[in-house]
Amino acid sequence: MLPFRSGRAGIVGAFSGLLLLGLLTCAVWAADKKTAKPEAKNPSPSATPPATKKARPKPEEGVRDVPLTEGHDAKGLVLPDFDILGRMRGKLQAGVTRRLDNENIEFVGVKFTTFIPETEKPDLEISMDKSVFNLKTQVLTSNVRSTVKRTDFEVAGDTMKFEMLTRQGTLAGNVKMVVRGKARTPGNESE
């Protein structure tokens, strides 16, 4: 009599082979996941060590994608500016927008409002008749008279340079500032 005449040995062998194949597949997947994690944690050789890095805005922040092709104009364009956490940091509204090249965009009739990220309340309002925005450096530059307003002051100058990521601006040429505050009477000069 033959030892495997019933045919059960073929079924058991096929089942064992499939089980072994499944275990090997799981082992390969686990090894791939295990080796992928250290690669993501290791910084690239060109990156600076964490101790020497300055607290600078992330490159993902700022106005990046402007839906406008080169040489075409858009009227009434509104560009929001969000931080990495999704909070609104600023909103740029332009009367006419024209893309000059891949990096530069020209705005006519600009009103840029900055917001306090924690509360999302308006902070500064910057008005420019004509300006150029560089997408790479995130700098808004104007060679015509520009005005910066806040609830407690208003300052204007002939030229302006405003860095969107750091929220720092420079006004030059015939700068005039008006500060609003509590009115002083002759009796309370010390306040």
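Okay, let's start with Asp-81, which is buried, at 0% relative accessibility. Keep in mind that this is a predicted model. So who does Asp-81 pair with? Its side chain meets that of Arg-89 in a salt bridge, 3.8 Å from N to O. And Arg-89 is buried as well, at 10% relative accessibility, because the cut-off for buried is under 20%.

How many salt bridges turn up in the whole structure? A search finds nine. Let me walk you through a couple more.

Take Glu-106 and Lys-130, whose side chains form a salt bridge at 3.5 Å, N to O. This one links distant parts of the chain: Glu-106 sits in strand β3 and Lys-130 in strand β4, 24 residues apart. Glu-106 counts as buried at 12%, while Lys-130 is partly exposed at 43%.

Then there's Arg-180 with Glu-154, where the closest N and O atoms are 3.0 Å apart. Again, distant parts of the chain are linked: Arg-180 is in the segment after β10, Glu-154 is in strand β7, and they're 26 residues apart. Both are partly exposed, Arg-180 at 38% and Glu-154 at 27%.

Last thing, backbone angles. Most residues other than glycine have a negative phi. Arg-167, though, has a positive phi of about 60 degrees, and you'll find it in the loop between β8 and β9, partly exposed at 23%. Asn-174 also has a positive phi, about 55 degrees. That one lies in the loop between β9 and β10, and at 58% it's exposed.

Key: Residues numbered from 1 in each chain as written. Predicted model: local features only at pLDDT ≥ 70, side-chain atom pairs only at ≥ 80, totals over all residues. Heavy atoms only, no water. Helix = DSSP H or I, 4+ residues; strand = E, 2+ residues; numbered from the N terminus. Buried < 20%, exposed > 50% of the residue type's maximum accessible area, 1.4 Å probe, protein only. Salt bridge = Lys/Arg side-chain N within 4 Å of Asp/Glu carboxyl O.
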